[in-house]
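Please read the briefing below alongside the sequence and the model.

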Amino acid sequence: MSEDVPAVLTEPAPAKLNLALHIRRRRPDGRHDIETVFAFCLDGDRVEAVADEGLSLTVDGPFADALTDEDDNLVVRAARALADAAGIPANAALRLHKKLPVASGIGGGSADAAATLRLLTRLWSIDPAHAARVAPALGSDVPACLLSMTSRGEGAGDALRLLDAGISGAPVLLVAPHIALSTRDVFAGWDGNDLGPLGEWRDGRNDLEAPARTLVPVIGELVDWLDGQLGATVVRMSGSGATCFALFDGEASRDSAAAAVPAEWWHLATALR
């Protein structure tokens, strides 16, 4: 009689985009009040889990080598925080398929942590409220990634309101220069000038683009290149960079642009959820 094989649960960790990002002020605690619109792509990383004794993590995929410290990985931290909140042992064998570049402004680590919270809530059959409670402490983008739905974020980004932006299925192309960019360093370079609130996101901006360009000048080339593609309707940098994106008027124009991306840049042709 063969032994039972543990069931493998899988959870997507979709790439996050900031369709607009306005920085309003720097708080005394060092964090920032922001106004942003989060959107999520159909593609991204993937987290898998099986029941096991103890907690372990295996990482594979194109960007696995960029994650070297298992104990500091947000997937492991999320699992431990969730288990502590639920008062249970952190028993799971986790596997992260790392398709998104790290430190690139598209929420890779935050999306992975959020996917882990959703996944282990199912695996451990615990109250989803535990995941919502621990998410903010894991990172300012984790609550939004936990929802993975188009939403407006305020405060530190964790005061969320679902938003019907009419963009589900919109073709999008992400482009990045294979240069990791520290969120802390980009925020530190913000000039402190409040340029006004965020109204309609299409009329918005990304206030972190200027300091990000100072650190990684090629971001300007990415924005200019995307802006020059036929059918591109909105072009911006996402988050603290260095990934930039363009929304397109159709799949054909997006695919044509994707085929022309310079070989030295990473890219992902996808659509919004």
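**Briefing**

H1 and H3 are oblique to each other, a class for angles that are not under 35 degrees (roughly parallel), over 145 (roughly antiparallel) or 65 to 115 (roughly perpendicular). This is a predicted model, in which local features need pLDDT of at least 70 and side-chain atom pairs count only at pLDDT 80 or more, while totals for chains, interfaces and linings use all residues. Residues are numbered from 1 along each chain as its sequence is written, and side-chain values use heavy atoms, with hydrogens and water left out.

**Helix pair H1 and H3**
- Helix H1 (residues 74-86) packs against helix H3 (residues 129-138) at about 135 degrees, and their axes are 9 Å apart.
- Axes are lines fitted to C-alpha atoms, for helices over the stretch in contact, and angles run from 0 to 180 degrees between N-to-C directions.
- The contact (heavy atoms within 4.5 Å) involves Leu74, Arg77, Ala78, Ala81, Leu82, Ala85 and Ala86 of H1 and His130, Ala131, Val134 and Leu138 of H3.

**Overall fold**
- The protein chain has eight helices and 10 strands, which are DSSP runs numbered from the N terminus (helices: H or I, at least four residues; strands: E, at least two).
- The C-alpha atoms fill a box of roughly 60 × 45 × 35 Å along the principal axes.

- Strand S1 (residues 9-26) and strand S2 (residues 32-50) run antiparallel and are joined by 15 bridges; strands pair if DSSP finds at least two bridges between them.
- Ala13 stands opposite Asp45 in S2.
- Five residues lie between the two strands of this hairpin, and Gly30 in the turn has a positive phi of about 95 degrees.

**Four-stranded sheet**
- An open sheet has the strand order S8-S9-S7-S10, with antiparallel pairing.
- S8 and strand S10 (266-271) are at the edges with a single partner strand each, so one side of each has no neighbour in the sheet.
- Strand S7 (residues 171-176) pairs with S9 over four bridges in the antiparallel sense, and Val175 stands opposite Cys244 in S9.
- Helix H7 (residues 218-227) packs on the sheet and touches S7, S8 and S9.
- Helix H8 (residues 251-259) also packs on the sheet, touching S7, S9 and S10.

**Backbone details**
- Most residues other than glycine have a negative phi, and most peptide bonds are trans.
- Ala103 has a positive phi, near 50 degrees, and is found in the loop between strand S4 (92-97) and helix H2 (108-123).
- The peptide bond from Gly241 to Ala242 is cis, with omega near 10 degrees.
- Ala242 lies in the loop between strand S8 (232-237) and strand S9 (244-248).
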